[in-house]
Amino acid sequence: MAAVAVRARRGARLSAAALLGAMLLGAALLALTAGRGGGGGGSEGRPGSPPPLPPGLREELRQRRRDLRRLAAAAGGQVAAAGGLGCGDLSLATGVSVLGWGFTKVVARAALAGGGAVALKSVHGAGREVRQCLQRYGAPAGCRRLAAYKLLKEVTLLQRLQHPGIVQLHGQCYDDSGDPEIRVTAMMELGSPLEMIQLLQTPWEERFKICLSLVKLLFYLAHSPLGSIVLLDFQPRQFVMVDGNLKVTDMDDASTEELSCKEDNDCTLDFPTKSFPLKCSAIGKCEGINEKKNLFNAYRYFFTYLLPHSAPAALRPFLSDILNATGDLRYGINETLEAFEKVLHLYKSGLYLQKRPLHLKDFISLKGFRTVEGEDYKCWPSYSHLGCLLSVHSAEEAAGICNSQSQCQSFIVTQRRTWTGRPLALFQSSLTDLIPDANAVVYIKRSASSGERL
């Protein structure tokens with residue numbers, strides 16, 4: 001089953017078994033109806049009024065409450081449909097297993113009573129955020145509440161942001177026994193971790209899809225209903241794959257605030273290897289800083305690794321322009337999306353193949369037959385681990401590929417299609433086992449056919 005990509009930090013000291021026990025205990029608490037005013041541990045859970053929170057913790061809690069109110073105000077009070085799952089569905093969930101944990105949250109997988117599975121996010125009571133808060137203030141319930149506000153912020157954002165590149169919020173459950181902020185569980189779409197090493201071994205067309213999906217997401221975030229949104233913790237580990245599509249899964253560190261300024265010198269965008277001077281606008285905000293920060297992070301974490309390698313030769317100049325323009329932040333997100341869509345058009349239409357020599361004349365076409373798909377010679381990057389299966393625009397492009405491979409003696413253009421609608425061609429080193437198929441054509445090298453009996 002797919003797993004959610006989660007930040008597993010070294011500072012998390014709980015074992016997976018202990019975390020699972022905590023998750024199950026939390027689910028049991030949600031089913032209780034008896035009120036618990038403190039909702040925490042230590043003296044705050046005992047009868048009587050809990051001790052007052054330290055002033056510093058009260059201020060941090062007030063700030064996070066203000067952030068939530070600001071998000072609600074920015075959306076004009078409008079909340080998108082978040083799914084129908086609630087506390088009742090959570091109490092009936094089975095097969096709960098911990099997937100991982102990070103600074104603030106623990107994530108588990110659970111099977112729903114009605115079928116399907118979801119990711120459960122809740123506050124990680126032994127996470128670094130809670131532990132650091134305890135070191136500063138020594139108030140268990142207040143520190144858990146502080147961490148819970150980050151999860152509530154994520155839920156609020158997911159309720160208001162609807163895009164194919166953002167994981168879906170299927171529902172949420174609050175413990176309404178006293179302090180609803182303390183015990184909250186978000187039920188979200190499951191995805192599999194984004195593995196960059198594996199992605200580098202996939203065909204270029206699939207890697208281009210990942211980058212294009214990311215650009216479309218960043219375009220949406222730059223023009224979202226809440227204003228321009230920056231992903232402050234922009235890392236590949238914040239993304240998952242769901243049914244072959246890239247989605248951001250962690251939004252608690254997203255921000256709708258753009259940096260305030262008095263002059264241009266206040267608006268330097270710093271990265272480990274580069275700095276970019278930006279303009280201070282008339283309203284005292286650094287112009288486009290959220291958009292540009294997202295875009296440069298996309299360049300350094302995704303584009304540089306996934307775009308250029310094994311790309312079609314005719315498209316490489318266009319991809320190089322994208323890399324240079326985003327790496328120098330000469331492009332904004334609008335120009336970047338336009339450049340990506342131009343590459344997609346060239347690739348899908350086959351226009352990038354113009355002015356190339358014709359190769360199909362070097363082949364004999366045998367209509368009404370196909371070859372048996374079995375283990376054969378390998379090529380990279382293939383859509384099959386058994387042989388050489390590549391995306392092509394046409395039989396003419398496939399002929400050029402076959403001519404460039406010494407092992408290739410024949411090929412067929414299959415009925416299978418990639419996400420762009422291009423067919424997959426199977427390249428083979430022998431002509432054995434021809435099977436009648438009225439809809440198929442086998443293309444055989446003339447040099448090979450002279451030595452073979454058809």
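Which helix gives the most to the lining of the second largest pocket? The answer is α11, with four residues. The model is a predicted one, in which local features need pLDDT of at least 70 and side-chain atom pairs count only at pLDDT 80 or more, while totals for chains, interfaces and linings use all residues. Residues are numbered from 1 along each chain as its sequence is written, and side-chain values use heavy atoms, with hydrogens and water left out.

The second largest pocket holds about 540 Å³ of space. A pocket here is an open set of points on a 1 Å grid over the protein atoms alone, where a 1.4 Å probe fits, with protein on both sides within 12 Å along at least five of seven lines; lining residues have an atom within 4 Å of a point. Grid points are joined across faces, edges and corners, and the volume is the space filled by probe spheres set on the points. The lining comprises 24 residues, of which Ser-310, Ala-311, Pro-312, Glu-397 and Ile-401 are the closest to the centre of the pocket. At least two lining residues come from each of α7 (204-222), β14 (388-391) and α11 (395-404). Helices (H or I, at least four residues) and strands (E, at least two) are DSSP runs, numbered from the N terminus. By residue class, the lining has 14 nonpolar, five polar and five charged members. In this division Ala, Val, Leu, Ile, Met, Phe, Trp, Tyr, Cys and Pro are nonpolar, Asp, Glu, Lys and Arg are charged, and the others, Gly among them, are polar.

Two strands count as paired if DSSP finds at least two bridges between them. Within this pairing, Ser-391 has Leu-424 of β16 as its bridge partner. On its other pairing, β16 is joined by five bridges to β15 (residues 410-417), again in the antiparallel sense, and Ser-410 stands opposite Gln-428 in β16. β15 and β16 form a hairpin with five residues between them, and Gly-421 in the turn has a positive phi of about 90 degrees.

How many of the six residues of β16 (residues 423-428) are buried? Six of the six are buried, where buried means under 20% relative accessible area, exposed over 50%, and partly exposed in between (1.4 Å probe, protein chains only). In a regular strand the side chains alternate between the two faces of the sheet. In β16, Pro-423, Ala-425 and Phe-427 point one way, and Leu-424, Leu-426 and Gln-428 point the other way.

Elsewhere, five strands form an open antiparallel sheet in the order β1-β2-β3-β5-β4. β1 (94-101) and β4 (169-174) stand at the edges with a single partner strand each, so one side of each is left without a neighbour in the sheet. From one strand to the next, the twist averages 25 degrees; axes are lines fitted to C-alpha atoms, and angles run from 0 to 180 degrees between N-to-C directions.

The whole structure contains six disulfides, each a pair of cysteine sulfur atoms within 2.5 Å. With the bonded cysteines of the protein chain numbered in sequence order, the pairing is 1-4, 2-3, 5-7, 6-8, 9-10, 11-12.

Among the disulfides, Cys-133 and Cys-143 have sulfur atoms 2.1 Å apart, and this link is left-handed, with -80 degrees about the S-S bond. Cys-133 lies in helix α4 (residues 128-137) and Cys-143 in helix α5 (residues 140-160), 10 residues apart. Both cysteines of this pair, Cys-133 and Cys-143, are buried.

Cys-261 and Cys-280 are also joined, with sulfur atoms 2.1 Å apart. Their S-S torsion is about 95 degrees, so this disulfide is right-handed. Cys-261 lies in the loop between β10 (254-255) and β11 (268-270) and Cys-280 in the loop between β12 (275-277) and α8 (289-306), so the pair ties together parts that are 19 residues apart in sequence. Cys-261 is buried at a relative accessible area of 11%, and Cys-280 is buried at 17%.

A further disulfide joins Cys-379 to Cys-388, with sulfur atoms 2.0 Å apart. The torsion about its S-S bond is about 95 degrees, so this link is right-handed. Cys-379 is buried, with a relative accessible area of 17%, and Cys-388 is buried, with 0%.
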